[in-house]
Amino acid sequence: MADTIEGHAVGNGDLHNKVENVGMKSTKDEQVHEINLQRIRDKAQQLRDDLLRQLNAQLDELFDNFISEVEQIEQASLLGNGDLKTLKCKSKKRKNGELPDKIFVQRRSVLTELLETTHIQTIYHIFVAILIVFSLNTLVYDWVEKGTLNLNFDLIVWAFGKLPKVMSSWVCMQLSTLLIVYPAFYYWSTHRRPGPTGVYDIVWLFVAIAYQIAFLTIPILHLVENNMPPASSVIVTCEQVRFIMKTHAFIRENVSRVIYCKKDDNDEENGCPDFSKYLYFLFAPTLIYRDNYPRTKTIKWQYVVSNFAQVLACLFYTYYIFERFCVPVFQNFNRESVTPRALLLSVFGSMMPATLVLFIGFFAILHSWLNAFAEMLRFGDRLFYKDWWNSTTFSNYYRTWNVVVHDWLYTYVYKDVYKLMGSKNRAGPMAMVFLISAMFHEYILMVTFRFFYPVLFFMFAGAGFGFIFLTEKVSSRSWNVFMWVMLFTGNGMLMCLYSMEWYARRSCPVITDSFFDYLIPRSWMCDFAGIKLN
């Protein structure tokens with residue numbers, strides 16, 4: 001009996017083990033099945049994202065084509081017979097794979113629309129209140145510490161010194177652009193023989209290149225000879241670069257019209273636009289040449305005055321930031337040797353002031369200044385920037401931060417290199433755009449500060465270019481935090497390193513009397529301990 005009971009117990013135990021084994025096997029099968037289902041879901045999600053990207057690209061292309069055709073119909077209804085011939089000559093159907101052209105439509109700036117909402121107006125009022133507090137802070141500080149009110153604004157007066165020399169340089173550059181570029185182009189277009197390019201065209205190409213080189217050299221010699229201060233130097237170099245970009249755009253857009261368009265018996269200009277169109281383009285807030293732009297009906301002079309007042313307020317805003325947060329800090333770099341600890345603290349201490357200067361410069365130039373000129377010239381397309389502050393990828397940030405310059409780089413650099421390298425190689429045209437943009441940014445800083453310290457060049461063409469591929473396929477909004485952290489860090493490094501070099505150039509002895517003194521960073525070689533301070 002006991003043996004029978006024990007046998008039943010053993011049998012029940014074996015059955016229990018078998019059930020457990022079956023259960024474990026079933027659990028493993030369920031896990032494998034769940035893993036396979038998750039893989040299928042991931043692949044389906046990836047396929048969905050790829051299809052959406054392709055669909056969005058095709059929809060964007062169709063929408064651009066539709067807008068282009070609507071714009072051409074609208075222009076055709078407004079143009080005369082002579083301009084209509086030009087429009088037909090330039091408007092060719094875009095081939096498959098060919099990049100779209102810039103389309104001008106009448107629209108307002110992003111901040112102009114946002115400032116109509118109460119919440120954004122409050123943020124604007126906060127910045128105005130901060131400017132008032134900065135002003136009171138300066139007045140109280142001078143009154144308590146010095147016993148007098150200092151209203152001389154010495155830093156602004158010094159930075160914008162020698163304005164007569166600046167104006168003379170600007171007038172000369174403007175006159176050369178008006179009295180040399182257009183007459184020379186008109187002469188070439190009316191005296192060349194119809195047909196493909198030949199020796200005559202090549203000779204004039206070298207003439208244009210020689211003019212650009214001279215235009216790039218002569219103003220700088222005048223600037224260095226008169227020893228213009230930083231802000232005045234920025235005005236001259238930025239206007240110089242702007243005129244160069246405008247000249248290239250005008251020639252680039254109209255050369256193909258002259259060469260490939262057939263000349264009628266009554267067509268005396270042979271594709272060369274009227275001088276009035278060229279003159280309007282030189283002052284219009286765009287770097288892309290068109291014969292006609294969308295125009296507003298009236299001019300709101302109150303809006304013009306308010307924008308120029310905002311530019312003036314931003315100037316004082318920048319003055320207070322430098323006067324209270326930057327100059328007192330970096331003046332100490334000529335008193336003691338620079339240590340890694342002091343450098344690190346200075347970088348982090350410069351992040352907030354540098355980013356504030358970035359905001360103020362953006363608002364003053366890309367919003368207030370350009371909108372003021374757009375209103376005076378009744379220029380309709382005022383999308384000078386987009387909502388770059390919402391960017392989650394650096395590619396989107398670079399496209400939306402400064403639309404005016406981006407359009408020029410896209411139209412006259414990216415598209416041309418894209419045609420040469422083919423549609424499969426997008427990294428090459430993008431690298432060329434970053435290289436040219438970084439060179440011109442560094443050129444402006446080099447001429448302004450009178451030394452070559454390519455921090456911006458390597459950050460822009462190196463880290464900035466790399467971040468495009470790092471954030472290319474991100475979709476989470478949290479990457480916007482990463483973009484802002486990088487902007488804060490980069491601006492702090494730029495302000496700190498360039499300020500150190502600026503004061504080192506004024507405190508440290510000359511390393512060499514040759515040209516290499518402009519290329520060797522003096523802040524790296526200077527022994528601050530052995531300097532006698534005045």
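Me: How much space lies in the largest cavity?
Reply: This is a predicted model, where local features need pLDDT of at least 70, side-chain atom pairs count only at pLDDT 80 or more, and totals for chains, interfaces and linings use all residues. Residues are numbered from 1 along each chain as its sequence is written, and side-chain values use heavy atoms, with hydrogens and water left out. A cavity is a set of points on a 1 Å grid over the protein atoms alone where a 1.4 Å probe fits but cannot get out, and its volume is the space filled by probe spheres set on the points. By this rule there is 1 cavity of 30 Å³ or more, and the space in the largest cavity is about 80 Å³.

Me: How many residues of the lining of the largest cavity are charged?
Reply: Lining residues have an atom within 4 Å of a point; among them here are Lys102, Phe104, Asp381 and Asp407. Asp, Glu, Lys and Arg count as charged. The lining divides into 8 nonpolar and 1 polar, and the number charged is 3.

Me: Over the ring of which residue does the charged end of Lys102 sit?
Reply: A charge sits over a ring if NZ of Lys or CZ of Arg is within 6 Å of the ring centre and within 35 degrees of the ring normal. Arg242 lies over the face of Phe243, at 4.7 Å from the ring centre. For Lys102 the distance to the ring centre is 5.3 Å, and the ring belongs to Phe104.

Me: Why is the pair of Trp369 and Phe373 tilted?
Reply: Rings of Phe, Tyr and Trp (its six-membered ring) pair if their centres lie within 6.5 Å; planes under 30 degrees apart count as stacked, over 60 as edge-to-face and the rest as tilted. The structure holds 51 aromatic pairs. The centres of Trp369 and Phe373 are 5.2 Å apart, and the pair is tilted because the angle between their planes is 45°.

Me: Is Phe373 buried or partly exposed?
Reply: Buried means under 20% relative accessible area, exposed over 50%, and partly exposed in between (1.4 Å probe, protein chains only). Trp369, at 38%, is partly exposed. Phe373 has a relative accessible area of 24%, so Phe373 counts as partly exposed.

Me: How far apart are the end C-alpha atoms of residues 170–190?
Reply: The unreviewed UniProt entry annotates several spans as "transmembrane region", including residues 170–190. Over residues 170–190 the chain is 100% helix and 0% strand, with the end C-alpha atoms apart by 30 Å.

Definitions and conventions
UniProt positions are given in the numbering used here, feature names are shortened, and annotations may be inferred rather than shown by experiment. Helices (H or I, at least four residues) and strands (E, at least two) are DSSP runs, numbered from the N terminus. On a 1 Å grid over the protein atoms alone, a cavity is a set of points where a 1.4 Å probe fits but cannot get out, and a pocket is an open set with protein on both sides within 12 Å along at least five of seven lines; lining residues have an atom within 4 Å of a point.
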